[in-house]
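Come along and check each entry against the picture.

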Amino acid sequence: MQPSAPAFDERLTAPRSWWFIAFGVGIACALMLLPLGTLPLLAGLAGGTVAAALLVSSYGSARIRVVAGALVAGDARIPLSALGEPEVLDAEEARAWRTHKADARAFMLLRGYVETAVRVEVTDPDDPTPYVYLSTRDPQGLAAALSTVPTA
């Protein structure tokens with residue numbers, strides 16, 4: 001394996017049903033423009049569908065990677081040396097950590113449509129962030145990557 005190859009790489013894509021909803025938004029836009037004629041109807045269908053699909057795609061473009069001694073989650077880049085041991089959260093425990101157990105200072109990359117997660121304590125004393133919460137479809141794989149990758 002190359003040193004720059006990610007030990008873990010996941011994209012938190014939106015569920016398939018959201019793409020059907022995006023098409024439904026296009027149909028709704030087309031129906032609003034129906035009284036204006038066929039051309040506006042087709043423009044509304046195309047424009048509404050494209051706009052909704054862009055929103056779904058951008059929301060589902062969040063990535064989690066463990067690469068080059070760092071955890072890259074969304075826009076955050078955290079060195080592995082600043083992280084403690086990862087904790088795999090099942091669906092029930094993940095729901096608790098994103099609701100009543102949540103700390104407002106924590107870094108959270110969560111997606112409601114992903115049931116499982118990983119929580120990692122931040123051990124850097126200069127960082128006010130208590131932990132990192134990451135929604136993931138492969139919590140064991142992410143925890144293993146965070147535990148086994150050298151921090152150099």
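**Entry 1: charges.** How far apart are the mean positions of the positive and negative charges of the protein chain? I found 8 Å between the mean position of the 12 positive charges and that of the 15 negative ones. Here Lys and Arg count as positive, Asp and Glu as negative, and His and the chain ends are not counted. The place of a charge is NZ of Lys, CZ of Arg, CG of Asp or CD of Glu.

**Entry 2: ground rules.** I noted that this is a predicted model, where local features need pLDDT of at least 70 and side-chain atom pairs count only at pLDDT 80 or more, while totals for chains, interfaces and linings use all residues. Residues are numbered from 1 along each chain as its sequence is written, and side-chain values use heavy atoms, with hydrogens and water left out.

**Entry 3: the overall build.** I counted four helices and eight strands in the protein chain, and from the N terminus on they run β-α-α-β-β-β-β-α-β-β-β-α. The radius of gyration is 20 Å, well over the 15 Å that the globule rule gives for 152 residues, so the protein chain is more spread out than a compact globule. (That radius is taken over C-alpha atoms, and the rule is 2.2 Å times the number of residues to the power 0.38. Helices are DSSP runs of H or I with at least four residues, strands are E runs with at least two, and both are numbered from the N terminus.) Along its principal axes, the C-alpha trace spans about 65 × 40 × 25 Å.

**Entry 4: inside.** Of the 152 residues, 38% count as buried; buried means under 20% relative accessible area, exposed over 50%, and partly exposed in between, with a 1.4 Å probe and protein chains only. Which residues touch the most other members of the largest nonpolar core? I wrote down Ile64, Val66, Leu71, Leu83, Leu134, Leu142 and Leu146, out of 26 residues in that core. (A nonpolar core is a set of buried Ala, Val, Leu, Ile, Met, Phe, Trp, Tyr and Cys residues joined through side-chain atoms within 4.5 Å.) Among the elements giving two or more residues to this core are helix H2 (38–59) and helix H4 (139–148). A second, separate core has seven residues, including Trp97 and Ala117.

**Entry 5: Ile64.** I found Ile64 in strand S2, and it counts as buried at 0% relative accessibility. Leaving aside neighbours within four places in sequence, its contacts (heavy atoms within 4.5 Å) include Phe8, Glu10, Leu71, Leu134 and Leu142.

**Entry 6: Glu10.** Is Glu10 buried or exposed? Glu10 is buried, with a relative accessible area of 9%. Glu10 sits in strand S1 (residues 8–11). Not counting residues up to four places away in sequence, Glu10 touches Ala62, Arg63, Ile64, Thr136, Arg137 and Asp138.

**Entry 7: Ile78.** Ile78 lies in strand S4 (residues 76–79) and is buried, with a relative accessible area of 14%. Beyond residues up to four places away in sequence, I saw that Ile78 touches Ala70, Leu71, Leu83 and Val132. Ile78 and Val132 are 54 residues apart along the chain, and their C-alpha atoms are separated by 9.6 Å.

**Entry 8: Ala68.** My last stop was the loop between S2 and S3, where Ala68 is found. Ala68 is exposed, with a relative accessible area of 52%. Its phi is near 50 degrees, a positive value in a residue other than glycine.
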